[in-house]
Amino acid sequence: MTKSLNTLMNVEDYKTLVDRYDVFLFDCDGVIWLGSKVIPGAKETIEYLKSQGKKLIFVTNNSSVSRAKYAEKFQKFNIKVEEQDIFSSAYATAVYLKDVISFDMSKYVYPIGGSGITDELRAMGVKVLEPHFPTIKNVDDVQGIVPDPSVGAVVVGLDVEINYSKLAFAHINITKSNALFIATNDDSTLPVQGLTFPGAGSLLSVLINSTSESPVVMGKPNQIMFDCISKANNLDLSRTLMIGDRLDTDIEFGTRAGVDTLLVFTGVTDRELAASSPISFTHSIQSLGDISKLAQ
């Protein structure tokens, strides 16, 4: 038996939604844009919500680029977003290390991932280790990779230049140096223009299997990410809405945090999947851009 999608259908529905909430949390890819193209009406919706005095926060599991770079992407779409209104999994990781667990700042973090991780860590004053590895052409070459006692944490995100040396160094420091094992997110796939590719979680699974350790995962749908956002913005959960296109990350993120959710059908989830999934949501809408009709 399929469930009701609670779909918003007209301007009256959209107006009721906007009046109901003060804070709107947005996923980005699949909600505001798809790859390099903005979703029609999304820019106008964001502008309308701002004009109504709403607080907008953009929440992404993408750790590949820093919040500053993410703000530049918004600017390319002619959408004005301040850096402090962006919460990426890389930024949440840096906040977690410095402010939540009081990481030993004399130690280094070894990152697997894009520049977003290193940029956010360094902005928080966390030292980053970027070692040069020996060339590995056969199993004997692995002997050149040894634990480093200065490594206090290993942080894993999406790394499009992943190789065996990086995984081996991470593994040996988690197992032999007792380095903290942290993941920016555990998304199994990466959606790109209608196709899916291995995500950060797929790389992470290698180290989970080899170390037999479970990492602390920062990104959606985990509560740590929401707690960082809530603390920084003093959220009233009853007046907060999470908007996303993925059931297992965005919608589950809002549900676990105790806030209402809005599922859009411009990303990875279609109506058939939404109707059959055990994951529930408060509202659905075809596109975030539909709300821009309120500005007309």
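Good morning. The model is predicted, so local features need pLDDT of at least 70 and side-chain atom pairs count only at pLDDT 80 or more, while totals for chains, interfaces and linings use all residues. Residues are numbered from 1 along each chain as its sequence is written, and side-chain values use heavy atoms, with hydrogens and water left out.

An unreviewed UniProt entry places the feature "active site" at Asp-27 and Asp-29; UniProt positions are in the numbering used here, feature names are shortened, and annotations may be inferred rather than shown by experiment.

Where does Asp-27 sit? Asp-27 is in the loop between strand S1 (23-26) and strand S2 (33-34); strands here are DSSP runs of E with at least two residues, helices are runs of H or I with at least four, and both are numbered from the N terminus. Asp-29 belongs to the loop between S1 and S2 as well.

Is Asp-27 buried or exposed? Its relative accessibility is 7%, so Asp-27 counts as buried. Asp-29, at 28%, is partly exposed. The cut-offs are under 20% relative accessible area for buried, over 50% for exposed, and partly exposed in between, with a 1.4 Å probe and protein chains only.

Now consider the surroundings. Leaving aside neighbours within four places in sequence, Asp-29 is in contact with Leu-34, Gly-35, Pro-191 and Asp-245, where contact means heavy atoms within 4.5 Å.

The unreviewed UniProt entry lists Lys-220 under "binding site". Lys-220 lies in the loop between strand S12 (216-217) and helix H8 (223-233), and its relative accessibility of 1% makes it buried. A polar contact of 2.8 Å joins the side chains of Lys-220 and Asp-27. A polar contact is a pair of N or O atoms within 3.5 Å; within protein, one must be able to donate a hydrogen and the other to accept it, and residues adjacent in sequence count only if both atoms are side-chain atoms.

Finally, the domains. The assignment gives domain 1 (11-61 + 221-294) and domain 2 (91-217), with bounds from an automatic or database domain assignment. Their centres, taken over C-alpha atoms, are 30 Å apart. Ten residues from domain 1 and ten residues from domain 2 take part in the contact. Thank you.
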